[in-house]
Amino acid sequence: MTDELNLNVDIEIDGGVTLKNLEEVLSWGANVIVAGSAIYKAKDVAEETRKFKKIMESK
């Protein structure tokens with residue numbers, strides 16, 4: 001619908017986003033990702049953040 005109406009909107013996904021499903025979530029059109037637990041519960045927060053950013057920047 002947003003494409004049909006030529007609207008510039010952000011689509012946010014909040015909750016349950018992980019590195020395993022990030023590409024799928026992005027394929028749905030989401031461009032704002034909330035990945036609190038996936039980042040903050042990681043053993044290496046900085047590395048996990050880099051991985052998320054790398055995937056998001058490639059799309």
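Predicted model: local features only at pLDDT ≥ 70, side-chain atom pairs only at ≥ 80, totals over all residues.
**Surface.** Residues are numbered from 1 along each chain as its sequence is written, and side-chain values use heavy atoms, with hydrogens and water left out.

**Layout.** I read off 3 helices and 2 strands (DSSP runs numbered from the N terminus: helices are H or I, at least four residues; strands are E, at least two). Along the sequence they go β-α-β-α-α. The C-alpha trace spans about 45 × 20 × 15 Å along its principal axes.

**Burial.** I looked up how much is buried: 22% of the 59 residues (buried is under 20% relative accessible area, exposed over 50%, partly exposed in between; 1.4 Å probe, protein chains only).

**Core.** The largest nonpolar core holds 11 residues, among them Val17, Leu22, Ile33, Phe52 and Ile55 (buried Ala, Val, Leu, Ile, Met, Phe, Trp, Tyr and Cys joined through side-chain atoms within 4.5 Å). Two or more residues each come from α1 (22-27), α2 (36-40) and α3 (45-58); α1 gives the most, with 3. I then checked Leu22: leaving out residues up to four places away in sequence, Leu22 touches Val17, Ile33, Phe52, Ile55 and Met56 (contact is heavy atoms within 4.5 Å).

**Leu7.** I found Leu7 in the segment before β1 (12-14). Leu7 counts as partly exposed because its relative accessibility is 47%.
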